[in-house]
Amino acid sequence: MAQRGGKVHMVCRNPQSGQEAKDEIQAAAQTGDVRLHHLDLSVPRDVLRFAREFVLSEPSLDCLVNNAGCMINTREVKVWGGFFFLQKLCC
Ligand SMILES: NC(=O)c1ccc[n+]([C@@H]2O[C@H](COP(=O)([O-])OP(=O)(O)OC[C@H]3O[C@@H](n4cnc5c(N)ncnc54)[C@H](OP(=O)(O)O)[C@@H]3O)[C@@H](O)[C@H]2O)c1
């Protein structure tokens, strides 16, 4: 998406690995507009705040890639388990 000139918003909880991923994407794409946001998707209050700010600052969201998650054998819910909350709020 960045390579095709799109504006890409990366939403990551770990600032260091997020920055590394962003640098990698920018180096590979050599074009586009890549922005990094820090957000833990398991904290609904923070997701809501991020989504509110996002819809106010961006005219549209054309594509949402929901990659954040994990593969575990046992079900475990900590603060909250709704990763698709962000999609509902931003689209
Ligand atoms: N690998 C497979 O075989 C496979 C098969 C089917 C489906 N999937 C699905 O594909 C997705 C990616 O899998 P993967 O194997 O690439 O997993 P991964 O290497 O563990 O990557 C998951 C990513 O999600 C991020 N993440 C997890 N919880 C988060 C949270 N609360 N807030 C923000 N970010 C969060 C992690 O961030 P951190 O870097 O901060 O930990 C990590 O970057 C998952 O949804 C998984 O269920 C994977």
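**Exercise 1.** Work out whether Q30 is buried or exposed, and say why.

*Solution.* Start with the cut-offs: with C-beta atoms placed from the backbone, a residue is buried if 20 or more other C-beta atoms lie within 10 Å of its own, exposed if 12 or fewer, and partly exposed in between. Next, count: Q30 has 8 C-beta neighbours inside 10 Å, so it counts as exposed. Then place it: Q30 sits in the loop between α1 and β2. Finally, check the backbone: Q30 isn't a glycine, yet its phi is positive, about 60°. For context, most residues other than glycine have a negative phi.

Two notes on the ground rules. Residues are numbered from 1 along each chain as its sequence is written. The model is predicted, so local features need pLDDT of at least 70 and side-chain atom pairs count only at pLDDT 80 or more, while totals for chains, interfaces and linings use all residues.

**Exercise 2.** Describe the helix that Q30 follows, α1.

*Solution.* Helices (H or I, at least four residues) and strands (E, at least two) are DSSP runs, numbered from the N terminus. First, the span: α1 has 15 residues and reaches 21 Å from its first C-alpha to its last. Now the cover: zero of the 15 residues in α1 are buried, so the helix is hardly covered.

**Exercise 3.** Trace the chain and pair up its strands.

*Solution.* Begin with the inventory: three helices and two strands, in the order β-α-β-α-α along the sequence. Strands pair if DSSP finds at least two bridges between them; here β1 (residues 7-12) and β2 (residues 33-38) have six, in the parallel sense. From β1 the chain crosses through α1 (residues 15-29) to β2 in a right-handed β-α-β crossover (clockwise from the first strand over the helix to the second, with the strands pointing away from the viewer).

**Exercise 4.** Which residues surround the ligand, and how do they split by class?

*Solution.* Sort them with Ala, Val, Leu, Ile, Met, Phe, Trp, Tyr, Cys and Pro as nonpolar, Asp, Glu, Lys and Arg as charged, and the others, Gly among them, as polar. The tally is four nonpolar, five polar and two charged.

Definitions and conventions. Expected span 1.5 Å × (residues − 1).
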